[in-house]
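Hi there,

Here is the structure I promised to pass on. Have a look first, and my notes on the disulfides follow below.

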Amino acid sequence: MPHLRSRSRLALAVPVVLSLTASLGFLPAAAAAAPSTPSAAQTADAPALAYVVNTKADRRVIASVKRAVAAAGGTVVTTYDRIGVIVVHSSNPDFAKAMRAVRGVQSAGATRTTPLTAAGTTDEGAAQFLSKAQAAKAANASAAVPESEPLEADQWDLRAIGADKAAKINPGSRKVTVAVIDTGVDDTHPDLAPNFSASQSANCVGGVADTAAGAWRPYTPEDYHGTHVAGEIAAARNGIGVAGVAPGVKVAGIKVSDPDNGLFYPESVVCAFVFAADHGVEITNNSYYVDPWLYNCMDDPDQKAIVDAVNRAQLYAQRKGTLNLASAGNSNHDLDSDAIVDTTSPDDSTPVTRTIDPHECFDVPTQLPGVVTVSATGVQNLKSYYSTYGKGVVDVAAPGGDRRYQLPDTPSKDGRILSTMPNGQYAFLQGTSMASPHAAGVAALLKSKHPFATPAQLQALLKAQADNPGCPASYDQDGDGTQDAVCEGGKRVNGFYGYGIVNALRAVK
(Lines give C-alpha, C1' and ligand atoms only; values in the text may rest on other atoms or scores of the structure.)
Protein backbone atom coordinates (compact mmCIF):
# COMPACT_ATOMS: atom_id res chain seq x y z
CA MET A 1 0.00 0.00 0.00
CA PRO A 2 1.52 3.46 -0.81
CA HIS A 3 2.71 4.53 2.54
CA LEU A 4 1.46 4.95 6.04
CA ARG A 5 4.79 3.89 8.34
CA SER A 6 12.30 1.20 17.22
CA ARG A 7 14.89 1.26 19.14
CA SER A 8 16.21 -1.62 17.13
CA ARG A 9 15.81 -2.66 13.54
CA LEU A 10 15.64 -6.21 12.42
CA ALA A 11 19.19 -7.50 12.58
CA LEU A 12 20.89 -9.07 9.59
CA ALA A 13 21.16 -12.80 9.92
CA VAL A 14 22.94 -15.56 8.06
CA PRO A 15 22.01 -16.46 5.44
CA VAL A 16 18.75 -14.55 4.98
CA VAL A 17 16.46 -15.38 7.87
CA LEU A 18 15.52 -12.54 10.18
CA SER A 19 16.73 -12.62 13.76
CA LEU A 20 15.83 -9.81 16.12
CA THR A 21 16.49 -11.49 19.41
CA ALA A 22 16.79 -15.10 20.44
CA SER A 23 13.15 -15.05 21.41
CA LEU A 24 12.09 -13.77 18.00
CA GLY A 25 14.43 -15.86 15.88
CA PHE A 26 13.07 -18.54 13.61
CA LEU A 27 12.83 -21.98 15.13
CA PRO A 28 13.71 -25.00 13.03
CA ALA A 29 10.72 -26.48 11.29
CA ALA A 30 9.46 -29.69 12.79
CA ALA A 31 10.58 -32.78 10.91
CA ALA A 32 7.53 -34.38 9.40
CA ALA A 33 6.40 -36.30 6.39
CA ALA A 34 4.67 -34.51 3.55
CA PRO A 35 1.07 -33.72 4.47
CA SER A 36 -1.64 -35.79 2.96
CA THR A 37 -3.77 -34.44 0.14
CA PRO A 38 -6.75 -32.47 1.52
CA SER A 39 -10.08 -34.18 1.18
CA ALA A 40 -12.72 -33.12 -1.27
CA ALA A 41 -14.79 -31.94 1.66
CA GLN A 42 -11.96 -29.64 2.73
CA THR A 43 -11.52 -27.97 -0.63
CA ALA A 44 -15.04 -28.03 -2.05
CA ASP A 45 -16.15 -24.45 -2.61
CA ALA A 46 -13.10 -23.20 -0.67
CA PRO A 47 -11.65 -19.93 -2.02
CA ALA A 48 -8.03 -19.78 -3.15
CA LEU A 49 -5.51 -17.75 -1.17
CA ALA A 50 -1.92 -16.81 -1.98
CA TYR A 51 0.93 -18.02 0.25
CA VAL A 52 4.69 -17.72 0.62
CA VAL A 53 6.61 -20.83 1.67
CA ASN A 54 10.17 -20.09 2.78
CA THR A 55 12.85 -22.78 2.77
CA LYS A 56 16.58 -23.24 2.79
CA ALA A 57 18.02 -22.03 -0.53
CA ASP A 58 18.96 -25.56 -1.58
CA ARG A 59 17.60 -27.10 -4.78
CA ARG A 60 17.02 -30.53 -3.22
CA VAL A 61 15.19 -29.05 -0.25
CA ILE A 62 13.12 -26.84 -2.53
CA ALA A 63 12.22 -29.78 -4.76
CA SER A 64 11.11 -31.78 -1.73
CA VAL A 65 9.03 -28.90 -0.41
CA LYS A 66 7.39 -28.37 -3.80
CA ARG A 67 6.25 -31.99 -3.72
CA ALA A 68 4.78 -31.33 -0.29
CA VAL A 69 3.05 -28.21 -1.66
CA ALA A 70 1.28 -30.36 -4.27
CA ALA A 71 0.37 -32.96 -1.67
CA ALA A 72 -1.19 -30.26 0.50
CA GLY A 73 -3.37 -29.02 -2.34
CA GLY A 74 -1.19 -26.13 -3.45
CA THR A 75 -0.15 -24.91 -6.90
CA VAL A 76 3.29 -23.36 -7.30
CA VAL A 77 3.06 -19.95 -9.00
CA THR A 78 6.81 -19.33 -9.07
CA THR A 79 9.95 -20.28 -7.16
CA TYR A 80 12.88 -18.03 -6.26
CA ASP A 81 15.54 -20.70 -5.77
CA ARG A 82 18.31 -18.30 -4.79
CA ILE A 83 16.43 -17.00 -1.77
CA GLY A 84 14.28 -20.04 -0.99
CA VAL A 85 10.88 -18.41 -1.51
CA ILE A 86 8.02 -20.33 -3.16
CA VAL A 87 4.82 -18.48 -4.12
CA VAL A 88 1.78 -20.75 -3.95
CA HIS A 89 -1.98 -20.64 -4.50
CA SER A 90 -4.16 -23.05 -2.53
CA SER A 91 -7.80 -23.62 -1.60
CA ASN A 92 -6.88 -25.81 1.36
CA PRO A 93 -7.79 -23.82 4.50
CA ASP A 94 -5.12 -25.72 6.43
CA PHE A 95 -2.42 -25.26 3.80
CA ALA A 96 -0.11 -22.95 5.78
CA LYS A 97 -0.40 -25.06 8.93
CA ALA A 98 0.41 -28.20 6.96
CA MET A 99 3.41 -26.61 5.27
CA ARG A 100 4.87 -25.36 8.55
CA ALA A 101 5.16 -29.02 9.60
CA VAL A 102 7.15 -30.02 6.52
CA ARG A 103 10.86 -30.79 6.83
CA GLY A 104 12.88 -27.94 5.31
CA VAL A 105 10.15 -25.29 5.63
CA GLN A 106 11.37 -22.37 7.75
CA SER A 107 8.18 -20.30 7.60
CA ALA A 108 4.94 -20.32 5.64
CA GLY A 109 1.85 -18.16 5.63
CA ALA A 110 -0.95 -16.49 3.71
CA THR A 111 -0.12 -13.17 2.06
CA ARG A 112 -3.68 -11.88 2.26
CA THR A 113 -6.82 -12.37 4.32
CA THR A 114 -9.34 -12.42 1.49
CA PRO A 115 -9.62 -14.77 -1.50
CA LEU A 116 -7.85 -14.11 -4.79
CA THR A 117 -10.09 -12.05 -6.99
CA ALA A 118 -8.25 -3.00 -1.42
CA ALA A 119 -4.12 1.12 -2.12
CA GLY A 120 -1.01 0.86 -0.03
CA THR A 121 0.97 3.94 -1.09
CA THR A 122 2.20 6.59 1.31
CA ASP A 123 0.90 9.79 -0.15
CA GLU A 124 -1.25 11.92 2.15
CA GLY A 125 -4.42 13.30 0.60
CA ALA A 126 -5.61 13.66 -2.97
CA ALA A 127 -3.54 15.05 -5.80
CA GLN A 128 -4.09 18.65 -6.85
CA PHE A 129 -3.49 19.02 -10.57
CA LEU A 130 -1.65 22.10 -11.74
CA SER A 131 -4.07 24.53 -13.39
CA LYS A 132 -3.27 26.48 -16.54
CA ALA A 133 -3.20 29.69 -14.51
CA GLN A 134 -0.77 28.18 -11.99
CA ALA A 135 1.42 26.83 -14.78
CA ALA A 136 1.56 30.24 -16.45
CA LYS A 137 2.44 31.95 -13.19
CA ALA A 138 5.18 29.41 -12.46
CA ALA A 139 6.55 29.71 -15.99
CA ASN A 140 6.82 33.50 -15.66
CA ALA A 141 8.70 33.18 -12.37
CA SER A 142 10.93 30.40 -13.70
CA ALA A 143 11.88 32.45 -16.76
CA ALA A 144 13.63 34.93 -14.48
CA VAL A 145 16.06 32.23 -13.33
CA PRO A 146 18.57 31.04 -15.97
CA GLU A 147 18.52 27.33 -16.85
CA SER A 148 15.29 26.70 -14.95
CA GLU A 149 12.59 24.32 -16.10
CA PRO A 150 9.24 25.99 -16.90
CA LEU A 151 7.56 24.90 -13.65
CA GLU A 152 10.63 24.91 -11.42
CA ALA A 153 9.63 28.06 -9.56
CA ASP A 154 7.01 25.92 -7.80
CA GLN A 155 9.60 23.28 -6.87
CA TRP A 156 10.67 24.63 -3.48
CA ASP A 157 11.83 21.10 -2.64
CA LEU A 158 14.69 21.20 -5.14
CA ARG A 159 16.05 24.43 -3.68
CA ALA A 160 15.61 23.14 -0.12
CA ILE A 161 18.19 20.40 -0.74
CA GLY A 162 20.35 22.26 -3.27
CA ALA A 163 19.29 20.03 -6.16
CA ASP A 164 18.97 22.96 -8.54
CA LYS A 165 22.62 23.90 -7.97
CA ALA A 166 23.77 20.28 -7.88
CA ALA A 167 22.41 19.70 -11.40
CA LYS A 168 24.84 22.28 -12.78
CA ILE A 169 27.77 20.38 -11.25
CA ASN A 170 26.69 16.78 -11.80
CA PRO A 171 23.14 15.82 -12.83
CA GLY A 172 23.90 12.13 -12.31
CA SER A 173 25.24 9.31 -14.45
CA ARG A 174 23.40 7.39 -17.15
CA LYS A 175 25.04 4.31 -15.66
CA VAL A 176 22.89 4.61 -12.52
CA THR A 177 19.26 3.42 -12.48
CA VAL A 178 16.65 4.00 -9.78
CA ALA A 179 13.77 1.53 -9.96
CA VAL A 180 10.40 2.80 -8.74
CA ILE A 181 8.62 -0.17 -7.13
CA ASP A 182 5.09 1.20 -7.20
CA THR A 183 1.82 1.54 -9.16
CA GLY A 184 3.58 1.75 -12.51
CA VAL A 185 5.36 4.53 -14.39
CA ASP A 186 4.05 6.34 -17.47
CA ASP A 187 7.22 6.33 -19.53
CA THR A 188 5.50 8.27 -22.31
CA HIS A 189 5.49 11.44 -20.19
CA PRO A 190 7.80 13.96 -21.92
CA ASP A 191 9.69 14.61 -18.68
CA LEU A 192 10.30 10.88 -18.09
CA ALA A 193 10.78 9.45 -21.58
CA PRO A 194 14.37 10.73 -21.99
CA ASN A 195 15.56 8.91 -18.87
CA PHE A 196 13.37 5.80 -18.82
CA SER A 197 14.94 2.35 -18.85
CA ALA A 198 12.50 -0.13 -20.36
CA SER A 199 14.99 -3.00 -20.13
CA GLN A 200 14.94 -2.69 -16.31
CA SER A 201 11.15 -2.37 -16.01
CA ALA A 202 8.40 -4.95 -15.50
CA ASN A 203 5.00 -5.79 -14.08
CA CYS A 204 5.55 -8.04 -11.03
CA VAL A 205 1.92 -8.33 -9.93
CA GLY A 206 1.22 -11.86 -8.73
CA GLY A 207 4.88 -12.71 -8.23
CA VAL A 208 6.02 -13.33 -11.81
CA ALA A 209 7.75 -10.61 -13.86
CA ASP A 210 6.07 -9.57 -17.11
CA THR A 211 8.48 -7.60 -19.30
CA ALA A 212 6.18 -7.10 -22.28
CA ALA A 213 6.33 -3.61 -23.74
CA GLY A 214 4.37 -1.21 -21.54
CA ALA A 215 3.59 -3.80 -18.86
CA TRP A 216 5.10 -1.40 -16.30
CA ARG A 217 2.65 1.40 -17.07
CA PRO A 218 -0.18 2.34 -14.67
CA TYR A 219 -3.54 0.65 -15.22
CA THR A 220 -5.42 3.97 -15.30
CA PRO A 221 -4.58 7.67 -14.85
CA GLU A 222 -5.81 7.30 -11.25
CA ASP A 223 -2.83 4.99 -10.58
CA TYR A 224 -0.58 8.04 -10.68
CA HIS A 225 1.53 7.43 -7.61
CA GLY A 226 4.51 5.76 -9.30
CA THR A 227 4.65 8.32 -12.11
CA HIS A 228 4.77 11.18 -9.58
CA VAL A 229 7.55 9.43 -7.66
CA ALA A 230 9.56 8.80 -10.83
CA GLY A 231 9.46 12.48 -11.77
CA GLU A 232 10.75 13.54 -8.36
CA ILE A 233 13.77 11.31 -8.90
CA ALA A 234 14.70 11.81 -12.53
CA ALA A 235 12.48 14.18 -14.51
CA ALA A 236 14.78 15.43 -17.27
CA ARG A 237 16.07 18.98 -17.54
CA ASN A 238 14.81 19.29 -21.09
CA GLY A 239 12.94 22.58 -21.11
CA ILE A 240 9.65 20.83 -20.33
CA GLY A 241 7.73 20.94 -17.04
CA VAL A 242 9.67 20.04 -13.92
CA ALA A 243 13.10 18.70 -12.95
CA GLY A 244 14.06 15.72 -10.82
CA VAL A 245 16.64 15.60 -8.06
CA ALA A 246 18.95 13.55 -10.31
CA PRO A 247 17.93 14.54 -13.86
CA GLY A 248 20.83 12.70 -15.47
CA VAL A 249 20.21 9.20 -14.11
CA LYS A 250 17.89 6.56 -15.49
CA VAL A 251 14.59 5.56 -13.91
CA ALA A 252 12.73 2.25 -14.23
CA GLY A 253 9.24 1.17 -13.25
CA ILE A 254 8.39 -2.11 -11.52
CA LYS A 255 4.62 -2.35 -11.03
CA VAL A 256 3.41 -4.24 -7.96
CA SER A 257 -0.09 -2.86 -7.30
CA ASP A 258 -3.00 -5.28 -7.64
CA PRO A 259 -5.33 -4.32 -10.52
CA ASP A 260 -8.49 -5.00 -8.50
CA ASN A 261 -7.75 -3.15 -5.27
CA GLY A 262 -4.41 -1.37 -5.65
CA LEU A 263 -2.77 -3.30 -2.82
CA PHE A 264 0.91 -4.22 -2.70
CA TYR A 265 0.95 -7.93 -1.86
CA PRO A 266 4.13 -9.64 -0.61
CA GLU A 267 4.66 -11.96 -3.57
CA SER A 268 4.64 -8.99 -5.95
CA VAL A 269 7.18 -7.11 -3.86
CA VAL A 270 9.42 -10.20 -3.60
CA CYS A 271 9.37 -10.39 -7.40
CA ALA A 272 10.23 -6.68 -7.67
CA PHE A 273 13.31 -6.82 -5.44
CA VAL A 274 14.65 -9.91 -7.20
CA PHE A 275 13.93 -8.47 -10.65
CA ALA A 276 15.67 -5.19 -9.79
CA ALA A 277 18.71 -7.02 -8.46
CA ASP A 278 18.96 -9.34 -11.45
CA HIS A 279 18.68 -6.44 -13.90
CA GLY A 280 21.48 -4.30 -12.52
CA VAL A 281 19.41 -1.68 -10.70
CA GLU A 282 21.56 0.36 -8.31
CA ILE A 283 18.77 1.88 -6.18
CA THR A 284 15.11 1.06 -5.49
CA ASN A 285 12.50 3.44 -4.12
CA ASN A 286 9.71 1.94 -2.02
CA SER A 287 6.98 4.45 -1.18
CA TYR A 288 4.51 1.93 0.25
CA TYR A 289 4.03 -0.72 2.89
CA VAL A 290 3.42 -4.35 2.04
CA ASP A 291 -0.27 -5.21 2.39
CA PRO A 292 -2.41 -6.35 4.06
CA TRP A 293 -0.74 -5.56 7.42
CA LEU A 294 0.52 -2.09 8.35
CA TYR A 295 2.70 -3.87 10.91
CA ASN A 296 3.68 -7.55 10.64
CA CYS A 297 4.01 -9.23 14.04
CA MET A 298 6.55 -12.00 14.48
CA ASP A 299 4.30 -14.00 16.83
CA ASP A 300 1.78 -14.49 14.01
CA PRO A 301 2.89 -17.25 11.61
CA ASP A 302 1.35 -15.66 8.50
CA GLN A 303 2.83 -12.23 9.21
CA LYS A 304 6.18 -13.78 10.14
CA ALA A 305 6.29 -15.55 6.77
CA ILE A 306 5.61 -12.25 4.99
CA VAL A 307 8.49 -10.56 6.81
CA ASP A 308 10.75 -13.51 6.04
CA ALA A 309 9.92 -13.63 2.31
CA VAL A 310 10.23 -9.90 1.63
CA ASN A 311 13.39 -9.67 3.73
CA ARG A 312 15.03 -12.51 1.80
CA ALA A 313 14.28 -10.67 -1.45
CA GLN A 314 15.54 -7.26 -0.34
CA LEU A 315 18.67 -8.78 1.23
CA TYR A 316 19.30 -10.58 -2.05
CA ALA A 317 19.10 -7.21 -3.80
CA GLN A 318 21.55 -5.71 -1.32
CA ARG A 319 24.01 -8.54 -1.90
CA LYS A 320 23.76 -7.87 -5.63
CA GLY A 321 24.66 -4.21 -5.04
CA THR A 322 21.24 -2.52 -4.76
CA LEU A 323 20.47 0.13 -2.13
CA ASN A 324 16.81 0.11 -1.04
CA LEU A 325 15.07 3.22 0.31
CA ALA A 326 11.57 3.33 1.84
CA SER A 327 9.13 5.90 3.17
CA ALA A 328 8.59 6.06 6.92
CA GLY A 329 4.78 6.33 6.75
CA ASN A 330 2.08 8.94 7.21
CA SER A 331 0.51 7.97 10.55
CA ASN A 332 2.62 10.30 12.75
CA HIS A 333 3.56 7.13 14.66
CA ASP A 334 6.66 6.91 16.85
CA LEU A 335 8.33 3.68 15.74
CA ASP A 336 10.46 3.70 18.89
CA SER A 337 7.48 3.89 21.25
CA ASP A 338 6.34 1.12 23.56
CA ALA A 339 3.00 0.66 21.80
CA ILE A 340 1.11 1.75 18.67
CA VAL A 341 -2.60 1.32 18.04
CA ASP A 342 -3.14 -0.08 14.54
CA THR A 343 -6.73 0.41 13.36
CA THR A 344 -6.18 -0.31 9.66
CA SER A 345 -5.05 -3.95 9.44
CA PRO A 346 -5.79 -6.10 7.57
CA ASP A 347 -6.68 -3.68 4.78
CA ASP A 348 -7.92 -6.33 2.35
CA SER A 349 -10.83 -7.38 4.58
CA THR A 350 -12.26 -6.06 7.87
CA PRO A 351 -9.64 -4.22 9.97
CA VAL A 352 -9.36 -5.14 13.64
CA THR A 353 -8.04 -2.64 16.18
CA ARG A 354 -4.90 -4.00 17.83
CA THR A 355 -2.06 -2.61 19.92
CA ILE A 356 1.38 -3.57 18.65
CA ASP A 357 4.97 -3.17 19.83
CA PRO A 358 6.93 -1.61 16.93
CA HIS A 359 10.05 -3.43 18.16
CA GLU A 360 8.35 -6.77 17.48
CA CYS A 361 5.84 -5.88 14.75
CA PHE A 362 7.38 -4.39 11.63
CA ASP A 363 6.46 -2.05 8.83
CA VAL A 364 7.70 -3.86 5.71
CA PRO A 365 9.91 -3.00 3.89
CA THR A 366 10.64 0.14 5.94
CA GLN A 367 11.97 -1.59 9.05
CA LEU A 368 13.91 -4.34 7.31
CA PRO A 369 17.70 -4.44 7.82
CA GLY A 370 19.74 -2.27 5.50
CA VAL A 371 16.73 -0.39 4.11
CA VAL A 372 17.10 3.42 4.32
CA THR A 373 14.04 4.79 6.15
CA VAL A 374 13.04 8.33 5.14
CA SER A 375 10.82 10.78 7.06
CA ALA A 376 9.21 13.85 5.48
CA THR A 377 9.87 17.58 5.92
CA GLY A 378 8.29 20.81 4.69
CA VAL A 379 9.72 24.07 3.39
CA GLN A 380 10.73 25.18 6.90
CA ASN A 381 12.81 22.00 7.37
CA LEU A 382 10.43 20.82 10.09
CA LYS A 383 9.00 17.30 10.22
CA SER A 384 5.77 17.23 8.20
CA TYR A 385 2.71 16.95 10.44
CA TYR A 386 1.79 13.48 9.16
CA SER A 387 5.25 11.91 8.99
CA THR A 388 6.00 8.85 11.08
CA TYR A 389 9.28 9.08 12.97
CA GLY A 390 11.36 7.26 15.58
CA LYS A 391 14.84 7.38 17.07
CA GLY A 392 16.94 4.53 15.74
CA VAL A 393 14.47 3.88 12.90
CA VAL A 394 14.56 6.97 10.68
CA ASP A 395 17.86 7.19 8.79
CA VAL A 396 17.42 10.47 6.92
CA ALA A 397 14.74 13.02 6.11
CA ALA A 398 13.78 14.68 2.82
CA PRO A 399 11.14 17.06 1.44
CA GLY A 400 7.75 15.37 1.38
CA GLY A 401 5.59 18.46 1.66
CA ASP A 402 3.31 20.03 4.27
CA ARG A 403 0.16 21.78 3.09
CA ARG A 404 -1.01 22.78 6.57
CA TYR A 405 1.80 24.45 8.48
CA GLN A 406 4.71 25.00 6.06
CA LEU A 407 3.75 27.06 3.02
CA PRO A 408 6.42 28.32 0.60
CA ASP A 409 6.71 31.71 -1.08
CA THR A 410 6.31 30.18 -4.54
CA PRO A 411 3.96 31.19 -7.37
CA SER A 412 1.37 28.60 -6.33
CA LYS A 413 2.17 28.90 -2.61
CA ASP A 414 1.57 25.15 -2.31
CA GLY A 415 3.51 23.31 0.39
CA ARG A 416 3.25 19.99 -1.38
CA ILE A 417 5.55 18.47 -4.03
CA LEU A 418 5.00 19.20 -7.73
CA SER A 419 5.84 16.36 -10.11
CA THR A 420 4.83 14.35 -13.16
CA MET A 421 1.48 12.61 -13.64
CA PRO A 422 0.17 10.21 -16.32
CA ASN A 423 -0.87 11.63 -19.70
CA GLY A 424 1.69 14.44 -19.62
CA GLN A 425 0.17 16.20 -16.64
CA TYR A 426 1.58 17.63 -13.38
CA ALA A 427 0.20 17.73 -9.84
CA PHE A 428 0.99 18.47 -6.21
CA LEU A 429 1.15 15.59 -3.73
CA GLN A 430 2.51 15.24 -0.21
CA GLY A 431 3.57 12.32 1.95
CA THR A 432 6.58 10.32 2.99
CA SER A 433 5.97 8.77 -0.44
CA MET A 434 7.38 12.03 -1.79
CA ALA A 435 10.26 12.18 0.72
CA SER A 436 11.75 8.79 -0.12
CA PRO A 437 12.30 9.58 -3.83
CA HIS A 438 14.11 12.79 -2.93
CA ALA A 439 16.51 10.73 -0.83
CA ALA A 440 16.72 8.13 -3.61
CA GLY A 441 17.66 10.89 -6.05
CA VAL A 442 20.46 12.08 -3.76
CA ALA A 443 21.61 8.47 -3.35
CA ALA A 444 21.73 8.23 -7.16
CA LEU A 445 23.94 11.33 -7.28
CA LEU A 446 26.24 9.76 -4.69
CA LYS A 447 26.35 6.51 -6.66
CA SER A 448 27.21 8.53 -9.77
CA LYS A 449 30.17 10.08 -7.96
CA HIS A 450 31.20 6.87 -6.17
CA PRO A 451 30.34 4.13 -8.71
CA PHE A 452 32.02 1.34 -6.73
CA ALA A 453 30.32 2.12 -3.41
CA THR A 454 28.47 -0.83 -1.86
CA PRO A 455 24.91 -0.36 -0.58
CA ALA A 456 26.26 -0.06 2.99
CA GLN A 457 28.86 2.49 1.92
CA LEU A 458 26.26 4.40 -0.07
CA GLN A 459 23.98 4.54 2.96
CA ALA A 460 26.88 5.85 5.07
CA LEU A 461 27.59 8.55 2.47
CA LEU A 462 23.91 9.51 2.40
CA LYS A 463 23.92 10.00 6.16
CA ALA A 464 27.25 11.83 6.15
CA GLN A 465 26.14 14.56 3.72
CA ALA A 466 22.80 15.21 5.44
CA ASP A 467 22.08 18.44 7.35
CA ASN A 468 20.53 17.85 10.77
CA PRO A 469 18.47 20.76 12.14
CA GLY A 470 18.24 19.03 15.53
CA CYS A 471 15.08 18.50 17.55
CA PRO A 472 12.80 21.57 17.56
CA ALA A 473 12.26 23.34 20.88
CA SER A 474 8.53 22.82 20.38
CA TYR A 475 6.44 20.78 17.96
CA ASP A 476 2.97 22.16 18.66
CA GLN A 477 2.00 22.57 15.03
CA ASP A 478 -1.68 23.34 15.57
CA GLY A 479 -1.04 25.69 18.51
CA ASP A 480 -3.35 23.91 20.94
CA GLY A 481 -0.71 23.75 23.69
CA THR A 482 -0.02 20.03 23.22
CA GLN A 483 3.06 18.60 21.52
CA ASP A 484 1.98 16.85 18.32
CA ALA A 485 5.05 14.60 18.39
CA VAL A 486 8.12 14.27 20.60
CA CYS A 487 11.57 14.33 19.04
CA GLU A 488 14.20 12.34 20.93
CA GLY A 489 17.94 12.51 20.34
CA GLY A 490 20.55 15.14 19.70
CA LYS A 491 21.91 17.33 16.94
CA ARG A 492 23.74 14.44 15.26
CA VAL A 493 20.97 11.82 15.26
CA ASN A 494 17.35 12.10 16.35
CA GLY A 495 13.93 10.61 15.83
CA PHE A 496 12.54 13.29 13.48
CA TYR A 497 15.37 13.48 10.96
CA GLY A 498 17.66 10.54 11.62
CA TYR A 499 21.10 11.77 10.53
CA GLY A 500 19.56 14.80 8.86
CA ILE A 501 17.87 16.18 5.74
CA VAL A 502 19.54 14.98 2.55
CA ASN A 503 21.62 17.52 0.62
CA ALA A 504 22.08 17.09 -3.13
CA LEU A 505 24.67 19.87 -3.44
CA ARG A 506 26.88 18.28 -0.82
CA ALA A 507 26.45 14.93 -2.52
CA VAL A 508 27.95 16.14 -5.80
CA LYS A 509 30.69 18.18 -4.14
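Which cysteine does a disulfide join to C297? The partner is C361, with an S to S distance of 2.0 Å. Please keep in mind that this is a predicted model. The pair links distant parts of the chain, with C297 in strand β10 (residues 296-297) and C361 in strand β14 (residues 361-362), 64 residues apart. The torsion about the S-S bond is about 110°, so this disulfide is right-handed. C297 is buried at 7% relative accessibility, and C361 is also buried at 7%.

C204 is joined to C271, S to S 2.1 Å. This link is left-handed, with -60° about the S-S bond. C204 is buried at 0% relative accessibility, and C271 is buried with a relative accessible area of 2%.

C471 is joined to C487, again by a disulfide, with S to S 2.1 Å. The link of C471 and C487 is left-handed, at -65° about the S-S bond. Both cysteines lie in the loop between α11 (455-464) and α12 (504-508), so the pair ties together parts that are 16 residues apart in sequence. C471 is partly exposed at 26% relative accessibility, whereas C487 is buried at 16%.

Counting bonded cysteines along the chain, the pattern is 1-2, 3-4, 5-6.

Best wishes

Terms used
Residues numbered from 1 in each chain as written. Predicted model: local features only at pLDDT ≥ 70, side-chain atom pairs only at ≥ 80, totals over all residues. Heavy atoms only, no water. Disulfide = S-S within 2.5 Å. Buried < 20%, exposed > 50% of the residue type's maximum accessible area, 1.4 Å probe, protein only. Helix = DSSP H or I, 4+ residues; strand = E, 2+ residues; numbered from the N terminus.
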